[in-house]
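Student: I would like to work through this structure with you, going from single residues to strands and helices. Could we take it one question at a time?

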Amino acid sequence: MRMSSLLSTLAFGSLAVISLPSLPAAEISLTLASAAVDRAGQVITFTLPAAAPKSPVIRDAQGHRWALQVEADRTARFVLAWQAAGTAPTFTIESGPMSGSGSGVAVTPSSGDLEITVAGKPALSYRMDPEKLPRADIKPEFKRAGYLHPIFSPAGKLVSDDYPVQHVHHHGIWAPWTKTRFQGRKPDFWNMGQKTGTVEFVGLERTWSGPVHGGFVAQQRMIDLSAPTPTVAINETWTVTTYEVAGATRPVRLFELELTQTCATSDPLILPEYHYGGLGFRGRANWLGEANSRFLTSNGETDRVKAHASRATWINQSGDAEGSTVGLTLMDHPGNFRSPQPLRVHPKEPFICYSPSQLGDWAIEPGKPYTGRYRFVVTDGPPDPALFEAYWQGYAKPAEVHVTVR
């Protein structure tokens with residue numbers, strides 16, 4: 001036999017000898033720590049083990065499979081719709097079809113907005129074009145972008161308003177400061193009709209879509225117009241993440257905002273004590289009037305006058321929308337400055353705000369960014385305080401995750 005043939009035979013034989021049956025896939029399980037309270041809408045985050053299948057899903061104890069979203073660094077996330085008090089649910093990671101639609105969250109630019117859909121239905125939009133206006137009589141000083149509107153309930157009912165006639169400077173969900181001092185001047189970034197301050201959309205840093213969550217990171221800036229030449233006082237980053245809560249008994253639209261504000265100069269933005277300014281929500285137009293909006297706080301307060309200046313971890317505003325009730329619940333993260341932040345609840349208009357300035361003077365200083373984190377839960381039907389509390393608990397105190405690989 002020629003040497004080359006012998007070597008070929010030996011090589012082939014070697015391969016045949018060391019070829020072994022495929023080893024069974026590793027079993028990966030997750031266990032969540034129990035708690036004394038119900039939790040809803042928990043965003044469960046963990047590092048996906050290297051032994052996981054290529055297209056993993058989460059399987060619960062009942063056999064349902066839910067979407068798992070994995071980032072390039074192997075950070076994995078899924079949303080647990082409900083965890084009852086005293087339970088420690090377990091899950092496995094495997095490949096296979098999902099029980100739900102798996103359509104997830106999609107983020108798409110469209111006509112001056114960044115539109116976000118959940119399971120193929122409109123959920124909310126981020127305004128990027130200040131020239132996109134609801135009517136022609138809006139004065140130039142009121143034009144702006146960098147806010148969330150429109151916002152829809154799971155049934156597709158509108159819950160927010162934009163450029164209302166009573167307060168043209170109100171915009172869905174937005175977050176400017178009102179009473180300020182900067183370089184010896186007093187710009188007002190909230191009441192834009194005074195022409196002393198404004199907020200501009202600068203640009204998108206990134207967007208993403210996925211089977212569990214989608215969102216965007218946007219850059220904005222607060223500009224002092226009372227200066228000899230317009231001067232940027234604050235640079236602001238908005239990170240908005242929207243989730244699909246698959247398997248929820250009561251459908252919700254769930255999204256979160258993290259805003260970070262940094263000084264644009266070597267001078268601080270001083271924020272004197274004031275009764276409003278900060279993270280605000282403007283409810284739909286037909287909620288205008290003392291009797292047309294309903295309110296409920298985590299403290300059980302339903303009187304809008306008494307709710308004002310109270311400190312609550314969440315507040316729900318609801319009202320009629322074409323013959324049925326819809327509402328939005330605004331939630332304050334416990335890690336926020338002066339949390340729970342005091343509330344501004346307008347006595348007649350459908351407007352609520354988390355305003356830390358109610359508790360006294362403070363400042364955003366150079367090298368010390370201000371960060372605010374908030375969760376929003378949009379629902380159809382009458383307010384459910386137990387459900388809202390569970391969504392706050394799921395946001396503020398998500399369960400610890402234990403991962404096991406066998």
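Tutor: Keep in mind throughout that this is a predicted model. Let us begin with Asp113, which, leaving aside its neighbours within four places in sequence, is in contact with Thr108, Ser125, Tyr126, Arg127, Met128, Lys132 and His149.

Student: Which side chain does the side chain of Asp113 join in a polar contact of 3.0 Å?

Tutor: Asp113 lies in strand S9, which covers residues 113-118. Lys132 is among the residues in contact with Asp113. The polar contact of 3.0 Å joins the side chain of Asp113 to that of Lys132.

Student: Is Asp113 buried or exposed?

Tutor: The limit to apply is that a residue under 20% relative accessible area is buried, while one over 50% is exposed. Asp113 has a relative accessibility of 3%, and so it counts as buried.

Student: How are the rings of Tyr126 and Phe216 arranged, stacked or tilted?

Tutor: The structure holds 17 aromatic pairs. In the pair of Tyr126 and Phe216, the ring centres are 4.6 Å apart and the planes stand at 40°. Planes under 30 degrees apart would count as stacked and those over 60 as edge-to-face, so the rings of Tyr126 and Phe216 are tilted.

Student: How many residues apart in sequence are the parts that this pair of Tyr126 and Phe216 ties together?

Tutor: Tyr126 belongs to strand S10 (residues 121-127), whereas Phe216 belongs to strand S14 (residues 213-224). Tyr126 is buried at 0% relative accessibility, and Phe216 is likewise buried at 0%.

Student: Which residues form one aromatic cluster with Trp174 and Trp190?

Tutor: Trp174 and Trp190 make a tilted aromatic pair, with 4.8 Å from centre to centre and 45° between the planes. This pair links distant parts of the chain, since Trp174 is in strand S12 (residues 173-174) and Trp190 is in the loop between S12 and strand S13 (197-208), 16 residues apart. Trp174 is buried with a relative accessible area of 0%, and Trp190 is buried at 1%. The residues that form one aromatic cluster with Trp174 and Trp190 are Tyr274, Tyr276 and Phe351.

Student: Which strands stand at the edges of the open sheet of five strands?

Tutor: The open sheet has the order S4-S3-S7-S1-S26, with antiparallel pairing. The twist averages 30° from one strand to the next. A strand with a single partner has one side left without a neighbour in the sheet, and the strands so placed at the edges are S4 (65-67) and S26 (401-405).

Student: Within that sheet, which residue in S7 stands opposite Pro56?

Tutor: Strand S3 (residues 56-60) and strand S7 (residues 90-95) pair in the antiparallel sense over five bridges. The residue in S7 that stands opposite Pro56 is Ser95.

Student: How many of the twelve residues of helix H3 are buried?

Tutor: Helix H3 (residues 385-396) reaches 16 Å from its first C-alpha to its last, close to the 16 Å expected. What covers its buried residues includes strand S2 (39-47), strand S16 (253-263) and strand S25 (370-380). Among the buried residues are Leu387, Phe388, Trp392 and Tyr395. H3 is mostly covered, and the number of its residues that are buried is nine.

Terms used. Residues are numbered from 1 along each chain as its sequence is written. This is a predicted model: local features need pLDDT of at least 70, side-chain atom pairs count only at pLDDT 80 or more; totals for chains, interfaces and linings use all residues. Side-chain values use heavy atoms; hydrogens and water are left out. Rings of Phe, Tyr and Trp (its six-membered ring) pair if their centres lie within 6.5 Å; planes under 30 degrees apart count as stacked, over 60 as edge-to-face and the rest as tilted. Helices (H or I, at least four residues) and strands (E, at least two) are DSSP runs, numbered from the N terminus. Buried means under 20% relative accessible area, exposed over 50%, partly exposed in between (1.4 Å probe, protein chains only). Two strands pair if DSSP finds at least two bridges between them. Axes are lines fitted to C-alpha atoms, for helices over the stretch in contact, and angles run from 0 to 180 degrees between N-to-C directions. The expected span of a helix is 1.5 Å times one less than its number of residues. Contact means heavy atoms within 4.5 Å. A polar contact is a pair of N or O atoms within 3.5 Å; within protein, one must be able to donate a hydrogen and the other to accept it, and residues adjacent in sequence count only if both atoms are side-chain atoms.
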